[in-house]
Amino acid sequence: MASESERRPLGVFECQLCALTAPYSYVGQKPPDTQSVVLLEESYIMKDPFTSDKGRFLVLGSRCSLCSRLVCVGPECSLFYSKRFCLPCVQKNISAFPQEIRQDLEKRKAPPKRPSSQPGYRT
């Protein structure tokens, strides 16, 4: 039987960019029920709903290290480069990031190339 603390989330995480919401059960760098996992940032964590393994968890997001905005880990909202950065802060400070990060961001912006065999293709 699940303990009272396992059933009740601490709160609801909400990304301030995409409005993703999910109940979280822990905030910090050392998720409960894990032996040697230490995250590199203070994160909002939820128990993995797809498994009964108590040690499994999902990282929902964290605060931007520049503006403190709460952002999810989705590639449209943030990136982790030694610290978490929301994409608006990355864009404002793009010159402070290495060339590899800039190239990665350019790839993210480019629309995906769709082969002519897929529906919706127009010539």
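A residue is called buried when its relative accessible area is under 20%, exposed when it is over 50%, and partly exposed in between, with a 1.4 Å probe and protein chains only. By that rule Y44 is buried, with a relative accessible area of 12%. The structure is a predicted model, in which local features need pLDDT of at least 70 and side-chain atom pairs count only at pLDDT 80 or more, while totals for chains, interfaces and linings use all residues. Residues are numbered from 1 along each chain as its sequence is written, and side-chain values use heavy atoms, with hydrogens and water left out.

- Strands (E, at least two residues) and helices (H or I, at least four) are DSSP runs, numbered from the N terminus, and two strands pair if DSSP finds at least two bridges between them.
- An open sheet is formed by four strands in the order β3-β4-β5-β6, with antiparallel pairing.
- The edges are taken by β3 (26–28) and β6, each with a single partner strand, so one side of each has no neighbour in the sheet.
- On average, neighbouring strands of this sheet are turned by 30° against each other, direction ignored; the axes behind this value are lines fitted to C-alpha atoms, for helices over the stretch in contact, and angles run from 0 to 180 degrees between N-to-C directions.
- In general, strands of a sheet pair through backbone hydrogen bonds, either parallel or antiparallel.

**Strand pairings**

- Strands β3 and β4 run antiparallel and are joined by three bridges; V27 stands opposite Y44 in β4.
- Five bridges connect strand β4 (residues 43–47) with strand β5 (residues 57–63) in the antiparallel sense.
- Across that pairing, K47 stands opposite F57 in β5, and M46 stands opposite L58 in β5.
- Strand β5 is also joined antiparallel to strand β6 (residues 70–72), through three bridges.
- The bridge partner of R63 in β6 is L70, and that of G61 is C72.
- The hairpin of β5 and β6 has six residues between the strands, and S68 takes a positive phi near 70° there.

**Aromatic rings**

- Rings of Phe, Tyr and Trp (its six-membered ring) pair if their centres lie within 6.5 Å; planes under 30 degrees apart count as stacked, over 60 as edge-to-face and the rest as tilted.
- The count by this rule is four aromatic pairs.
- One of them is the tilted pair of F13 and Y44, at 5.5 Å centre to centre and 55° between the planes.
- That pair links distant parts of the chain, with F13 in strand β1 (residues 11–14) and Y44 in strand β4, 31 residues apart.
- F13 is buried, with a relative accessible area of 0%.
- The ring centres of Y24 and Y44 are 4.9 Å apart and their planes stand at 90°, so this pair is edge-to-face.
- Y24 in strand β2 (residues 21–24) and Y44 in strand β4 are 20 residues apart, and their pair also links distant parts of the chain.
- Both Y24 and Y44 are buried, and ring pairs link F13, Y24 and Y44 into a cluster.

**Nonpolar cores**

- A nonpolar core is a set of buried Ala, Val, Leu, Ile, Met, Phe, Trp, Tyr and Cys residues joined through side-chain atoms within 4.5 Å.
- The largest nonpolar core has 14 residues, and those with the most contacts inside it are F13, C15, Y24, Y44, L60, C72 and C86.
- Two or more residues of this core come from each of β2, β4 and β6; the largest share, three residues, is from β6.
- A second, separate core of seven residues includes L79, L87, F97 and L105.
- Contact means heavy atoms within 4.5 Å; not counting residues up to four places away in sequence, Y24 touches P9, L10, G11, V12, F13, Y44, I45, M46 and L60.

**Residue S43 and its strand**

- S43 is found in strand β4, which is mostly covered, with four of its five residues buried.
- S43 itself counts as buried, at 1% relative accessibility.
- The side chain of S43 reaches the backbone oxygen of E41 at 3.2 Å.
- Leaving aside residues up to four places away in sequence, S43 touches Y26, V27, G28, V59 and G61.

How values were computed
A polar contact is a pair of N or O atoms within 3.5 Å; within protein, one must be able to donate a hydrogen and the other to accept it, and residues adjacent in sequence count only if both atoms are side-chain atoms.
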